[in-house]
Amino acid sequence: MAAALAAGLTACGDDAGTGTGSTGSGSGSGQIGIDLPRADSDFWNSYAKYVPQFATELGINLMTPTNSQNDVAKLVANAQALQSQGAKAIVMAPQDTGAIATTLSTLESKKIPVVTVDTRPDKGKVFMVVRADNRAYGQKACEFLGEKLGGKGKVIEFQGSLSSINGRDRSEAFIECMKSKYPGITVFEEPTEWEGTKAAAALQTRLAQHPDIKGVYMQAGGVFLAPTLQVLKSKNLLVPPEDPKHIFIVSNDGIPQEFEAIRKGEIDATVSQPADLYAKYALFYAKAAVEGKTFQPGPTDHGSNIIDVGNGTLEDQLPAPLVTKENVDDQALWGNQIGK
């Protein structure tokens with residue numbers, strides 16, 4: 001794979017990582033900086049483990065990673081530090097997608113290309129967004145719960161931060177699907193800012209008010225899984241799917257802990273957000289940017305599609321499959337590979 005990617009980076013025409021890449025005149029040398037978005041999420045900690053592995057495989061001169069700890073002010077400071085230390089490109093995953101525009105403008109003025117991972121900034125120029133279709137996450141979660149509940153009942157949704165494009169995409173798609181396909185289901189939307197404690201408190205309150213809740217949609221298993229299971233266990237509701245008291249749960253992330261919970265019957269499904277591919281292709285595009293490559297919308301050679309999301313911003317939408325008890329042991333899923 002490393003050899004194939006290396007070949008793609010040096011070839012012309014259709015071999016530059018996608019079916020629409022082209023070779024520029026850049027030298028390809030220089031350091032690449034990366035900011036990790038947080039350390040309190042099992043998903044992002046998994047992503048962080050993949051970064052040095054793929055940097056080595058791609059032959060990238062990777063700077064020491066920074067971590068902005070879910071704080072946009074720290075992200076701004078980290079980007080400035082990476083710039084001053086000589087970064088030729090920067091990979092970042094801004095959690096507040098509305099507050100990074102000024103930093104992106106500054107980096108553009110310094111001719112430092114930016115690749116964003118998992119999130120797409122509301123404003124500002126980036127070389128490439130490496131992301132999955134987050135509206136599809138909400139759609140898949142809606143359809144899974146709608147079918148499991150037979151189109152009737154009550155569901156609580158732990159929304160991610162609505163200042164994030166991901167939180168908005170997942171939330172909007174989920175509620176639109178519920179209203180159009182399953183109007184008999186009542187949805188309690190709970191903003192959480194991606195914080196597990198807020199999700200747990202919301203679940204406690206809603207279960208006290210509505211003990212007949214039968215479904216939960218967690219927009220980020222990396223932060224919501226453990227507190228959710230703790231609340232359900234304390235109320236004797238952590239029971240197998242065949243038990244009438246079982247609450248059906250669908251999540252997003254695809255971390256090993258979610259897979260184990262699916263095997264145990266504690267949750268029922270998750271959308272596998274590709275932590276491995278996020279790391280691989282974020283670094284791939286950062287290196288391509290330094291080398292002067294350009295890309296156009298179209299299918300790629302790694303099972304995804306590059307789309308123009310407006311204003312010339314390109315997004316490589318990587319595949320993110322739904323995982324249930326039927327396919328949870330599939331060894332192709334990154335959640336079954338990490339740590340091996």
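**Helix H6 and its surroundings in a predicted model**

Modeller: At the start of H6, the backbone nitrogen of asparagine 166 has a side-chain oxygen of serine 164 within 3.1 Å. The model under discussion is predicted.

Colleague: What span is expected for H6 at 1.5 Å a residue?

Modeller: H6 comprises 17 residues. From its first C-alpha to its last it reaches 24 Å, and this is close to the expected value, 24 Å.

Colleague: Which elements cover the buried residues of H6?

Modeller: The buried residues of H6 are Ile165, Asn166, Gly167, Asp169, Arg170, Ser171, Ala173, Phe174, Ile175, Cys177 and Met178. What covers them includes H5 and the strands E6 (128-132), E7 (153-159), E8 (185-191), E9 (215-218) and E10 (248-253).

Colleague: Which cysteine is joined to cysteine 142 by a disulfide?

Modeller: The count comes to 1 disulfide under the cut-off applied, which asks for sulfur atoms within 2.5 Å. The S to S distance in this pair is 2.1 Å. The partner of cysteine 142 is cysteine 177.

Colleague: How many residues apart in sequence are the parts that this pair ties together?

Modeller: Cysteine 142 belongs to helix H5 (residues 134-148), whereas cysteine 177 belongs to helix H6 (residues 165-181).

Colleague: Is the disulfide of cysteine 142 and cysteine 177 left-handed or right-handed?

Modeller: The deciding value is the torsion about the S-S bond, which is about -75 degrees. Because of that torsion, the disulfide of cysteine 142 and cysteine 177 is left-handed.

Colleague: With which serine does the side chain of glutamine 219 make a polar contact of 2.9 Å?

Modeller: Glutamine 219 is located in the loop between E9 and helix H8 (221-234). With a relative accessible area of 0%, glutamine 219 is buried. The residues that glutamine 219 touches include Asn166, Gly167, Arg170 and Trp194. Its side-chain polar contact of 2.9 Å is with serine 171.

Colleague: Which residues lie nearest the centre of the largest cavity?

Modeller: A search of the whole structure finds 1 cavity of 30 Å³ or more, and the largest cavity holds about 140 Å³ of space. Helix H2 (42-57), H6 and H8 each supply at least two residues of its lining. Of the 16 lining residues, those nearest the centre are Trp44, Gln95, Asp118, Trp194 and Ala220.

Colleague: Which element gives the most to the lining of the largest pocket?

Modeller: About 570 Å³ of space lies in the largest pocket. Its lining consists of 28 residues, with Gly124, Lys125, Val126, Phe127 and Thr313 nearest the centre. The elements giving two or more residues to this lining are helix H4 (101-109) and H6. With 3 residues, the element that gives the most is H4.

Colleague: How many residues of H10 are buried?

Modeller: Helix H10 (residues 275-290) reaches 23 Å from its first C-alpha to its last, close to the 22 Å expected. Glycine 292, with a positive phi near 85 degrees, follows H10. The helix is mostly covered, and the number of buried residues is 16 of 16.

How values were computed
Residues numbered from 1 in each chain as written. Predicted model: local features only at pLDDT ≥ 70, side-chain atom pairs only at ≥ 80, totals over all residues. Heavy atoms only, no water. Helix = DSSP H or I, 4+ residues; strand = E, 2+ residues; numbered from the N terminus. Expected span 1.5 Å × (residues − 1). Buried < 20%, exposed > 50% of the residue type's maximum accessible area, 1.4 Å probe, protein only. Contact = heavy atoms within 4.5 Å. Polar contact = N/O pair within 3.5 Å; in protein donor to acceptor, adjacent residues only side chain to side chain. 1 Å grid on protein atoms, 1.4 Å probe; cavity = no way out; pocket = protein on both sides within 12 Å on 5 of 7 lines; lining within 4 Å. Points joined across faces, edges and corners; volume = space filled by probe spheres on them. Lists of a residue's contacts leave out its neighbours within four places in sequence.
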